[in-house]
Amino acid sequence: LKLTMKWLTDFQNNTMSELLSKQEIEEEVTNIKNELDSIETMSCLPYEKWLDEYRKHVSNIKLKKTAVHGDFQPRNILVDRKNSSVNVIDWDWRFQEKGNPIYDFVWLATNIMMLSNDPIKEFRSNLNNSGKAVTSKRMIENAMLNHLKVKVDFIKLQKFMIMRFITIRIKDGDDGYLLYVNMLKIFSENSA
């Protein structure tokens, strides 16, 4: 994970550009909200509130755009321990030349938090700081803090990333997005 965090921060430092504008954040949130509005299974979740929390939080942070892999998760990261190097694969349509730098950090942590034969149970235990990935999540949060030079509300970012991924998965035309809807339900349970 240390090698992966070094790779990601170097990648972002080498591709850093202008600040992410409030208008870009607003457009992103509006697009995701519009897509979520049409997903029946989302109607039981306070996604509008979560999107608003994300919008307010990210608008108050000065984030410089960077290149974004877009599907930065363990299956797309090849670590060569012998040479202490990292290779990232699967550079598909999700790649952005100038995107939000939080995406790859938060998506990696989210995927690590659900690595199990029972991803929902494992995700829940990691949210409650008792799962196998608690140390990895903290390492990623610390890497974000050191790299972005700002403390972020990881939970707000994570809810957003999961909602964003639901809109991506729904376009695949299968029910694979339901796993992520169930992950969002855990946030509702924890706030009840």
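Predicted model: local features only at pLDDT ≥ 70, side-chain atom pairs only at ≥ 80, totals over all residues.
Visitor: Which side chain does E189 meet in a salt bridge?

Guide: The general idea is that side chains of opposite charge can pair when their charged atoms come close. Here the side chain of E189 meets that of R124 in a salt bridge, at 2.8 Å from N to O. Because E189 belongs to helix α8 (residues 178–191) and R124 to helix α5 (residues 119–127), the pair ties together parts that are 65 residues apart in sequence. R124 is itself partly exposed, with a relative accessible area of 28%.

Visitor: How many salt bridges does a search of the whole structure find?

Guide: The search finds 17 salt bridges, and one of them joins the side chains of R55 and E26, again given as 2.8 Å from N to O. This pair links distant parts of the chain, with R55 in helix α3 (residues 47–59) and E26 in helix α2 (residues 22–37), 29 residues apart. E26 is partly exposed, its relative accessible area being 34%.

Visitor: Where do K137 and E141 lie?

Guide: Both lie in helix α6 (residues 134–148), 4 residues apart, which is about one turn of the helix, and they form a salt bridge whose closest N and O atoms are 3.8 Å apart.

Visitor: Is K137 buried or exposed?

Guide: K137 is buried, because its relative accessible area is 11% and buried means under 20%, whereas E141, at 25% relative accessibility, counts as partly exposed.

Visitor: Which residues are linked in a network of salt bridges?

Guide: That network links E18, E24, K65 and K98.

Conventions. Residues numbered from 1 in each chain as written. Heavy atoms only, no water. Salt bridge = Lys/Arg side-chain N within 4 Å of Asp/Glu carboxyl O. Helix = DSSP H or I, 4+ residues; strand = E, 2+ residues; numbered from the N terminus. Buried < 20%, exposed > 50% of the residue type's maximum accessible area, 1.4 Å probe, protein only.
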